[in-house]
Amino acid sequence: MAHHTITLTVNGETEVVTVPAHMTLLEMIREELALTGTKNGCASGECGACTVLFNGEPVNSCMVLAVEADGATVTTVEGLAHDHQLDPLQEAFVESGAVQCGFCTPGMLISSKALLLRAPNPSDDEIREALVGNLCRCTGYVRIVDGVKKAVKIAAQSEE
Amino acid sequence: MALNPTPGLPPFEYIKPASLAEASAFLAEHAGEARPFMGGTDTFVRMRDKAWHDKFVVDVKNLEGMRNITFDPQNGLTIGAAVNMNQVAASPFAQEHYPLLVEAARSVASYQLRSRATIVGNICNASPAGDTLGASILLGGVLHVYGVDGERDEPLSEFFHGPGKTNLKPGDIATAVHFPLPPADAVGRYIKLNRNNDGDLAIVGVTVLGYPDSATASGFRFKIALASVAPVPLIATAAEDILANSPITDDTITAAAQAAMDASTPISDTRGSAEYRKLMVRNLVKRAVSDVWGKLQG
Ligand SMILES: Cc1cc2nc3c(=O)[nH]c(=O)nc-3n(C[C@H](O)[C@H](O)[C@H](O)COP(=O)(O)OP(=O)(O)OC[C@H]3O[C@@H](n4cnc5c(N)ncnc54)[C@H](O)[C@@H]3O)c2cc1C
Ligand code: FES
Ligand code: FES
């Protein structure tokens with residue numbers, strides 16, 4: 001079975017990894033890079049727990065081959081905080097009680113991050129639409145939507 | 001045996017050809033054990049479920065032109081095979097001239113799935129539930145195909161033969177889907193009935209495109225495609241004829257909706273029974289045609 005050696009940037013670090021062709025990006029992130037923030041909920045594109053930014057766009061990392069990431073830039077939930085400072089979304093999720101068991105949270109944060117990158121001040125409908133592919137069995141979603149709205153406020157305050 | 005609810009993919013080889021010619025030759029030589037992929041959102045699920053057993057997956061999405069989306073005011077829109085659904089939905093040309101295609105693309109799964117899933121993959125996969133198939137057919141879509149015998153065009157109106165069955169042959173690679181300019185003042189609508197809004201396939205999907213047409217008795221032409229009610233995307237021709245031949249009234253629309261229902265031959269599955277699907281065809285065709293009719297009248 002052929003292996004492929006790929007070079008990619010993950011959370012700002014250059015990584016060189018050798019992977020079998022059928023390894024998913026999700027498996028590589030968790031097993032090879034030991035970044036276990038990204039979760040495996042369904043391995044079939046349905047739950048969104050594995051969502052990462054792939055060249056700036058959110059993808060289900062269980063639906064991408066690791067070899068396809070050669071030359072790519074990937075951001076996982078571990079890459080959201082900078083200089084011991086949480087991302088406004090992380091801060092807002094904590095403050096809003098948007099986290100219960102936490103299994104969906106990394107995917108929720110990444111999908112929300114992607115949303116705010118393309119629409120810095122989203123409507124409630126836009127938030128819900130952006131999170132359609134992220135399932136949560138705990139919170140009932142209301143606090144997650146609140147969290148995204150709060151993050152917009154936190155980001156605006158820190159810019160003032 | 002330990003239960004593993006989320007198994008990995010079975011082993012296969014990953015091939016990244018340097019040209020379409022190389023890709024096509026490889027696919028032809030390995031007919032039945034190699035497949036091209038774009039977003040892989042059908043491919044990887046089917047392989048994981050052990051429904052597909054390919055030894056090779058052939059990654060052609062980085063070949064020249066595959067990621068281009070171009071609009072020509074005379075000729076229309078050309079969407080490279082590897083352009084994902086979010087890129088189509090965000091294209092100002094698609095939004096302005098082909099809003100029906102945008103509406104259909106946006107109904108697929110979730111945002112993150114759509115940043116991988118492609119319209120060409122949806123077409124080549126040929127699931128009767130494919131959300132963008134109806135719009136692609138009604139808008140006169142033509143698939144550009146590169147095969148072992150060279151390039152050819154496949155009009156989508158004659159492309160589908162059954163679930164997963166199309167005019168594509170081993171060695172064929174779809175490079176783009178092209179849409180001519182839509183008829184003047186056309187209005188479209190896609191109504192997708194599903195159990196929830198999270199990446200669920202259509203129980204029934206109704207696509208309608210209507211536009212003024214001086215050649216018909218009613219002065220209008222309606223085109224209607226139905227998803228998930230037949231082995232292929234179903235064009236409801238009897239319903240279309242009713243709307244062409246009689247003045248458009250509530251009664252005409254009701255008669256057309258009934259004709260669409262009568263033409264449907266759905267199966268029963270976990271998403272809905274055949275009876276339910278047929279009734280929903282009637283109700284949703286009525287709703288979609290009424291919506292389009294309302295907008296056509298301004
Ligand atoms: C969680 C989930 C939810 C989904 N929800 C929906 C939904 O709501 N609506 C819907 O319509 N679909 C849905 N799908 C199915 C799938 O996402 C779509 O059919 C998608 O458009 C497929 O595109 P792709 O680029 O990922 O295809 P791929 O998986 O890359 O390819 C699909 C098929 O087409 C062939 N193919 C691909 N590209 C080419 C080419 N260039 N030339 C020749 N053959 C080619 C492949 O060999 C394969 O047989 C869903 C899938 C998942 C996993
Ligand atoms: S693990 Fe990828 S979507 Fe569920
Ligand atoms: S917090 Fe438990 S799944 Fe969302």
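This is a predicted model: local features need pLDDT of at least 70, side-chain atom pairs count only at pLDDT 80 or more; totals for chains, interfaces and linings use all residues.
1. If you look at what chain A puts in, A:His22, A:Met63 and A:Glu68 supply 24% of the area it buries against chain B, more than any other three residues. In terms of contacts, 35 residues of chain A meet 29 residues of chain B.

2. On the polar side, there are 12 residue pairs in polar contact across the interface, counting pairs with both residues at pLDDT 80 or more. The salt bridge count between the two chains is 3. A:Glu68 turns up again here, forming a salt bridge with B:Lys61, with the closest N and O atoms 2.5 Å apart.

3. Which elements does chain A use to touch chain B? Those giving two or more residues are β3 (51-54), β4 (57-60), α3 (105-118) and α4 (124-130) of chain A. The largest share is that of β4(A), with 4 residues. By class, this side of chain A has 16 nonpolar, 13 polar and 6 charged residues.

4. Have a look at the second largest pocket too, with its volume of about 750 Å³. Its lining runs to 37 residues, and A:Glu57, B:Asn84, B:Asn86, B:Gln87 and B:Ser115 lie nearest the centre. Elements giving two or more lining residues are β4, α3 and α4 of chain A, plus α3 (85-90), α5 (99-106) and α6 (111-114) of chain B. α3(B) gives the most, with 4 residues.

Definitions and conventions
Residues are numbered from 1 along each chain as its sequence is written. Chains are lettered from A and ligands numbered from 1 in the order in which they are written. Side-chain values use heavy atoms; hydrogens and water are left out. Contact means heavy atoms within 4.5 Å. Buried area is the accessible area (1.4 Å probe) that two parts lose on being put together, summed over both. A salt bridge is a side-chain nitrogen of Lys or Arg within 4 Å of a carboxyl oxygen of Asp or Glu. A polar contact is a pair of N or O atoms within 3.5 Å; within protein, one must be able to donate a hydrogen and the other to accept it, and residues adjacent in sequence count only if both atoms are side-chain atoms. Ala, Val, Leu, Ile, Met, Phe, Trp, Tyr, Cys and Pro count as nonpolar, Asp, Glu, Lys and Arg as charged, and the others, Gly among them, as polar. On a 1 Å grid over the protein atoms alone, a cavity is a set of points where a 1.4 Å probe fits but cannot get out, and a pocket is an open set with protein on both sides within 12 Å along at least five of seven lines; lining residues have an atom within 4 Å of a point. Grid points are joined across faces, edges and corners, and a volume is the space filled by probe spheres set on the points.
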